[in-house]
Amino acid sequence: MIAFLASAAANPPPSESTQQAIGYPSLFFLVALGSLVPVVPTGALVSGAAVVAFHQTEPVALAVVFGVASFAAFLGDVALYWLGLRGVRSRNGSRWLHRLQDRVDNTTLEKAQNRLDQHGAAVLVLSRLIPAGRIPVMVACLLAEMPMRRFVRGDIPACLAWAASYQLIGILGGSLFPEPWQGVALAVGLTFVIGAGPTLVRRFRDRRA
């Protein structure tokens, strides 16, 4: 998807409708997949798509990117939580639950559980905005056996805030450069730097310790 965005930005197709017909379904699929399987750089996808939409003549292009990204993220989160919840209620758990737990160390999980105790489902919003914060909070919610309905109520504003934040990064990148591909490169680079921030800080603290 990132390669497609860069190609579309550098060499726009003859019709914007053709670009949208390919780009929006791809964005939806990859963001939903990235929410379900946390290996796809979904933030970079949203920022890059926002850059391309910013340079289009369609006035609703940015609104469509926002709607597609937030809805796809929400569906992916709900699907992942449902799979994890089945594992919590099962005697032997499930591979989805075990995979989520393997991605979270005990210290991070304890912090997420404390935030969940203090703020309830509202912590989902913050977890979506903090890089690498979504999975620890989701595991904490699963271990606390938060009902699906309550999780959904907290995840809706979380996905809306997440999509808006990364779209703003894309709009910033698109507004700074005359060529769309330049904005895509900046937006994608920024999202990767933001995403790598917590890991670099953690490694620096470990070395000092």
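## Overall architecture

The protein chain contains 10 helices and zero strands, and its elements, read from the N terminus on, run α-α-α-α-α-α-α-α-α-α. The coordinates are those of a predicted model, and the description that follows should be read with that in mind.

Of the 209 residues in the protein chain, 42% are buried. Among the contacts in the protein chain with a separation of 6 or more, 77% are accounted for by residues 24 or more positions apart.

## Helix 4 against helix 5

Two packed helices are described by the angle between their axes and the distance between the axes. For helix 4, which spans residues 61–89, and helix 5, which spans residues 95–102, the axes come within 7 Å and cross at roughly 105 degrees. Helix 4 is therefore roughly perpendicular to helix 5, since the crossing angle falls in the range of 65 to 115 degrees that counts as such.

On the helix 4 side, the residues that meet helix 5 are Leu80, Leu83, Gly84, Gly87 and Val88, while helix 5 contributes Trp96, Leu97 and Leu100. Sorted by class, this contact of helix 4 with helix 5 has six nonpolar and two polar residues, with no charged residues.

## Helix 4 against helix 8

Helix 4 also packs with helix 8, formed by residues 134–143, at an angle of about 40 degrees and with the two axes 10 Å apart. Helix 4 and helix 8 are therefore oblique to each other, and helix 4 passes helix 8 in a right-handed crossing.

The residues of helix 4 that make this contact are Asp77, Leu80, Tyr81, Gly84, Leu85 and Val88, and those of helix 8 are Arg134, Ile135, Met138, Cys141 and Leu142. By class, the contact of helix 4 with helix 8 has eight nonpolar residues, one polar residue and two charged residues. Leu80, Gly84 and Val88 of helix 4 take part here, and these residues also meet helix 5.

## Asp77, a buried residue of helix 4

Asp77 is found in helix 4, and its relative accessible area of 0% places Asp77 among the buried residues. Leaving aside neighbours within four places in sequence, Asp77 is in contact with Ser35, Arg128, Arg134, Met138, Phe151, Asp155 and Cys159.

## Ser127 in helix 7

Helix 7 covers residues 123–129 and includes Ser127, which is buried because its relative accessible area is 5%, under the 20% cut-off. The side chain of Ser127 reaches the backbone oxygen of Leu124 at a distance of 2.7 Å. When neighbours within four places in sequence are left aside, Ser127 is in contact with Gly133, Arg134 and Val137. Arg134 is also listed among the contacts of Asp77.

Val104 lies in the loop between helix 5 and helix 6, the latter formed by residues 106–119. Although placed in a loop, Val104 counts as buried, at 10% relative accessibility. Val104 and Ala140 are 36 residues apart along the chain, and their C-alpha atoms are separated by 10.0 Å.

Terms used. Residues are numbered from 1 along each chain as its sequence is written. This is a predicted model: local features need pLDDT of at least 70, side-chain atom pairs count only at pLDDT 80 or more; totals for chains, interfaces and linings use all residues. Side-chain values use heavy atoms; hydrogens and water are left out. Axes are lines fitted to C-alpha atoms, for helices over the stretch in contact, and angles run from 0 to 180 degrees between N-to-C directions. Helices (H or I, at least four residues) and strands (E, at least two) are DSSP runs, numbered from the N terminus. Angles under 35 degrees count as roughly parallel, over 145 as roughly antiparallel, 65 to 115 as roughly perpendicular and the rest as oblique. Contact means heavy atoms within 4.5 Å. Ala, Val, Leu, Ile, Met, Phe, Trp, Tyr, Cys and Pro count as nonpolar, Asp, Glu, Lys and Arg as charged, and the others, Gly among them, as polar. A crossing is left-handed if the near helix is turned anticlockwise from the far one by less than a right angle, and right-handed if clockwise. Buried means under 20% relative accessible area, exposed over 50%, partly exposed in between (1.4 Å probe, protein chains only). A polar contact is a pair of N or O atoms within 3.5 Å; within protein, one must be able to donate a hydrogen and the other to accept it, and residues adjacent in sequence count only if both atoms are side-chain atoms.
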